[in-house]
Amino acid sequence: MKRANPIRQRLAALSLLGVPLLTYPLLSLPSGTWGGIPATYLYLFGVWAGLIALAAWVAERRGI
Amino acid sequence: MLSGWFIALLATGYLGLLFAVARFGDARADAGKSIISANVYALSLAVYCTSWTFYGSVGRATSGGLSFLTIYIGPTLMLLCVGVIIKMIRISKAQRITSIADFIASRYGKSQLLAGMVTVIAVIGVVPYIALQLKAMAASVDVLLQHSGSSVEVWGLDSTFLIAVILALFSILFGTRHLDATERHEGMVAAVAFESVVKIIAFMAVGIFVTYGMFGGLGDLFQRAAASADMERLLHLDSGRAGTWTALIILSGLAIIFLPRQFQIIVVENVDESHLKRAVWLFPLYLLLINIFVLPLALGGLLHFGAQGANPDTFVLTLPLARGAEALALLAFIGGLSAATGMVIVETIALSTMVCNDLVMPWLLHSTWLQAEKRQDLSGLLIGIRRAAIALILLLGYIYFRLAGEAYALVGIGLISFTAVAQFAPAMFGGMYWKQGTRAGAVAGLLAGFVVWLYTLLLPSFAKSGWMPSGFVEHGLFGLGWLKAQALFGLGGLDEISHCLWWSMLANMGAYVAVSLNSRPDAVEASQAERFVDVFRFDARNAEARLWRGKASPDALVGLLERFLGAARARQQLAAYALSRQAAGWRNLPADADFVQFAEAELAGAIGSASARVMVASVAQEEDLGLEEVLDILDEATQVRAHSRQLEAKQRELEAATNELREANERLRELDRMKDDFISTVTHELRTPLTSIRALSEMLHEDPRLDLADRSRFLGIIVNEAERLTRLINQILDMAKMESGRAEWTTGAVDLGEVVRESMASLEHLFREKGVALAGNIPASGPVVQADRDRLTQVMINLLSNAVKFVPGGAGRVQVGLSSAAGLVRVEVHDNGPGLTAEECNVIFEKFRQGGNTMTDKPQGTGLGLPISRQIVEYFGGNLWVESEPGAGANFIFTVPLPVPEE
């Protein structure tokens, strides 16, 4: 049997990882401010940027 | 300074530039040098960021804080499911699908009904979205004009209508140059990608200007916002709205692939599947960057203008203007223009294709007018219909804007559209992954979802605009409380979007699954289901030819192609097809299933799969295969691949087995040769004593006068030789038994010292006869091992008798030693005989090899004693070897392991 494409699976796994990280209840965790900037703002953009960086790393390493 | 005419000139100039980019892209595509790279593809996806993103996000952030981000997080997560998107692309390429209506209709048996339904839902759903773009553009123009105090009026028409007209012309010029919609609009994609770059630069420039120019950076903005109770609320998420948050992520995730323009860009305009691997991260990165300054802009606007100041939807323009940065405001205006034009162009092109192929064509095909014009070239008519459709859609958008637009903020309008296209999700996903989904199910699901959407979202939006009475929203239809449009069955506490999403999805999925499970697909549906769901496995070459059976005339098919594609293009495609089948021209080809498939695919590219099927059926007599037969063919098509994989595996197994057999055969041959050697050696060894017995017996028999002494000597030799013969045969039998594993062993505790002593005692007379000294230092009670006592005695006697054989008579000395160390008992028999060369040390353990020179000396043993001894010792886990040098005597050593002490 041909094995399913590992890159597609890794990306889909990233998507599944993103769902709990970017929805409630985890989203209510960051509170207050970090360095004068609201923690929620930093958390959302941080997790989002992290997902994008991981996706770029996975996708650009080898061909789909 | 900002006169109305200057703004108009700037906008026209920018649109001219866009047009130049598009022409350049088209020219390069025609020359075969596509400029659509992975980066261009990824940027073109950003057509998702419309003026809603550009102006509306800031507006939403002023009321909902960070919740605007859901609209961009959903697409990020959806895009990561690359497998789904690749499957959509692969199916669309295989089936020459040109729109989302075509996709759904094609999957469920090329149904005209479904295609029409999807088109109607898409048009009704997306018109508000187009109105939103017009509204945003009108608002941006108004802001700039207000600032300069001038106005533009041409023949008494308002600016929004002018904008709509210009956009319509622009879209028509862009999108309807070619007829075949699968012939990609590369120029349009290039222009959209260019616009994406412009809008992100413009938005970020404004963001940086406001954040760092007007305020002291992000930290300063947030701190000043936190000081006010109203704005402090915007900095944190309200976990009471967790449901809305999730609903919006789902909604936008679906919208990114099901909005007609997104489907167009992601699927239809895709040049190369591998471009996705760039888009999968570059497009989300784009979304992230364009959103970083949304909240700072919203806070900046609120701080600068106060709560009741300017319209928050236009902060992007009013903030720079408030500081007199007119150039920046113009850049922002151009950015907003890019966002709106990009969306309108792609959306109207996608919708016009759907309207033309799935609404107008079916009606035309049934009309008598078209039958009358039988021989006419219809390709011009098709383009005309599409152009009219573009104009009509923009007109509808304008009307919606006039009637209902004022009551809603930009984002509110956009979400109504998102919820409408989300209704495609069950039929799309079900169609791609569930073969059992049927046309009846898809129709039922779409209808149910659409009705719920209409009742709970669109009509209330009309009511809100005062366009119709709002009784059904406030008191429920017919005054029934549980029918309140935005609290259906008393489900309150949700915002209207989540409320509509949950109810419509429940109705949609429920109807789709329930009806699908209770209906049977027809033959066409079943075969299309197989082609869609198993697109990566479907063996097209094998199945396609057998799925169509009937009679067709090539001339009639070619006539069809010429009518719908235009004569020039039809001939071009036919020539290419003939070439691919290695024929000189299409006239040499039989009108077989393959040819019919080709014609239908070409037509599908022009008029959609449902209409194409009807047209081909009108000129070809197709036999009805029946569901059972179709299913059989499809089963085979998918199983052939599986079978060939199984065959390959079997073949590999066979090869491995063959190799093993060959090796086993080699081993057997080797053994056979060894056996032959053994037998010839054995017979030779047996013949030697027999020869001497026979010779002496003959002498005794033939010569009666032989004297008694000779007779007695001869008889003695005969007896000796007979004994040797017996010993030899016994040992051969012993050897054979051991080698075949049939020897009998009786294992028990054996005192090795006792064995050695007894063996020495039993051979004492032999040593004494030859005058050889036998000495040994054996402990009274030696080490005890697990072994066969008789066999060990046999080994010991063999070693001692060998020693006595080879030492010189009189001066010979044999020393026996017994010791134990490291879990082994070691027995040594040392003699002072002639010794052995290193080579001899090895060969004496081979069968029938004897010490000394066998050529000259009389054999003194059978040549089997040492091999047998070695086998015995090895059987008990020990070793037997010899250490010797010529002239220095030989030292035969064997070891037997001591039993492992029990714990």
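Guide: At this interface, 38 residues of chain B are in contact with 32 residues of chain A, contact meaning heavy atoms within 4.5 Å. This is a predicted model, in which local features need pLDDT of at least 70 and side-chain atom pairs count only at pLDDT 80 or more, while totals for chains, interfaces and linings use all residues. Residues are numbered from 1 along each chain as its sequence is written, chains are lettered from A and ligands numbered from 1 in the order in which they are written, and side-chain values use heavy atoms, with hydrogens and water left out.

Between them, chain B and chain A bury about 3,100 Å², 77% of it on carbon and sulfur atoms; buried area here is the accessible area (1.4 Å probe) that two parts lose on being put together, summed over both. The count of salt bridges between the two chains is 1, a salt bridge being a side-chain nitrogen of Lys or Arg within 4 Å of a carboxyl oxygen of Asp or Glu. Arg278(B) forms a salt bridge with Glu60(A), and their closest N and O atoms are 2.8 Å apart.

Several helices of chain B, including H4 (70–80), H5 (82–95) and H14 (276–292), each supply at least two residues of the side that touches chain A, helices being DSSP runs (H or I, at least four residues) numbered from the N terminus. The largest share of that side, 10 residues, comes from H14(B). By class, the side of chain B that touches chain A has 26 nonpolar, 8 polar and 4 charged residues, where Ala, Val, Leu, Ile, Met, Phe, Trp, Tyr, Cys and Pro count as nonpolar, Asp, Glu, Lys and Arg as charged, and the others, Gly among them, as polar.
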